[in-house]
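The entries follow in the order I checked them.

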Amino acid sequence: MKKFAIGLYVAVTLALMVWGFYQAIYVAPEDAMQGEIYRIIFYHVPSASVAFLFFAISLAGSIGFLSFRRSRAEWAQISDAWALAGAEVGVVFCTVVLITGPIWGRRAWGIWWTWDARLTTTLVLWLIYVSYLLLRRFAAGPQVQTLAAALGIFGALDVPIVYMSNRWWRTQHPAPVFGGSEGSGMAKVMVHPFLWNMLAWLAWGLLILSIRYHVERQHQQNAAAEAQEALESA
Amino acid sequence: MDPAEILDHQFVTAAYIITWALQLGYLAWLGLKWRAEKRAAARRTHRAR
């Protein structure tokens with residue numbers, strides 16, 4: 001039953017990805033101002049939204065780890081696995097944002113990069129979570145998970161700053177399309193393709209996130225069993 | 001076709017291909033990592049017998 005449910009979810013996700021691609025390329029009309037290049041929005045914005053969501057999951061996992069580390073060891077390990085999975089998959093999506101954005105910018109603005117508030121805070125967010133992953137990969141000792149949880153919490157503080165940056169400051173990056181000032185928004189014929197792609201990337205992201213979580217849980221179980229074996233053989 | 005349109009099309013194609021290369025590359029890496037963890041668990045179980 002579980003295998004069937006997983007297979008069904010994977011099939012639905014793949015169907016959504018194909019459907020999202022079809023909507024983005026063949027259904028959404030050309031933009032009157034930007035022409036074809038605006039179609040990057042169907043990958044760029046959903047990737048940013050999913051990255052924010054996963055950094056929020058990493059934040060919840062980090063808080064969970066710090067809350068349970070002295071009282072419930074198993075819950076702490078589960079929280080830590082979610083924190084790591086959220087951070088790592090979030091970095092993948094944030095990398096997509098930082099690559100597709102400049103490709104779009106080169107055609108729309110004539111430049112690959114500018115140090116405006118939106119772009120800079122997004123780069124800082126990416127750097128914080130890359131440092132989180134480097135800490136987890138290369139540091140050793142019993143405090144690594146605790147230090148990583150603290151860094152994960154500080155990293156998440158940048159997410160609302162990134163989100164609000166083009167509302168608080170004047171930026172080269174366009175003003176918000178959704179939830180922005182009066183007159184902002186998207187033509188109805190473009191909204192449906194956009195929402196399909198949001199759904200598709202969310203489904204894909206959750207699939208990858210759950211795989212990463214299970215890999216980390218397996219890793220934790222292997223590490224615990226090895227430590228137990230080492231204790232018994234000593 | 002207008003050269004600007006061709007360039008736009010190439011940039012969109014590049015963005016989509018890079019996105020998929022990153023996502024599928026990461027998925028492949030995850031698959032390898034999962035297999036390594038499963039094998040480590042199987043080796044441990046085998047040793048315990």
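Entry 1, the chain contact. I count two residues as in contact if their C-beta atoms, placed from the backbone, lie within 7 Å. The model I am reading is predicted. On that criterion, I find 23 residues of chain A in contact with 23 residues of chain B. I then looked up which elements of chain A give two or more residues to the side that touches chain B, and they are helix H3 (73-108) and helix H7 (188-233). H3(A) gives the most, with 9 residues. Sorting this side of chain A by class, I get 12 nonpolar, 6 polar and 5 charged residues.

Entry 2, confidence. I noted ipTM 0.91 and pTM 0.92 for the model. For chain B the average pLDDT is 90, and 98% of the residues score at least 70.

I describe two packed helices by the angle between their axes and the distance between the axes. I logged the crossing of H2(A) past H5(A) as left-handed. From H2(A), the residues making the contact include Phe55(A), Leu59(A), Ile63(A) and Leu66(A). From H5(A), I listed Gln145(A), Ala149(A), Gly152(A) and Ile153(A) among them. By class, I find 9 nonpolar and 5 polar residues in the contact of H2(A) with H5(A), and no charged residues.

Methods. Residues numbered from 1 in each chain as written. Chains lettered and ligands numbered in written order. Predicted model: local features only at pLDDT ≥ 70, side-chain atom pairs only at ≥ 80, totals over all residues. Helix = DSSP H or I, 4+ residues; strand = E, 2+ residues; numbered from the N terminus. Nonpolar A, V, L, I, M, F, W, Y, C, P; charged D, E, K, R; others polar. Left-handed = near helix turned anticlockwise from the far one by under 90°. pLDDT = per-residue confidence, 0-100.
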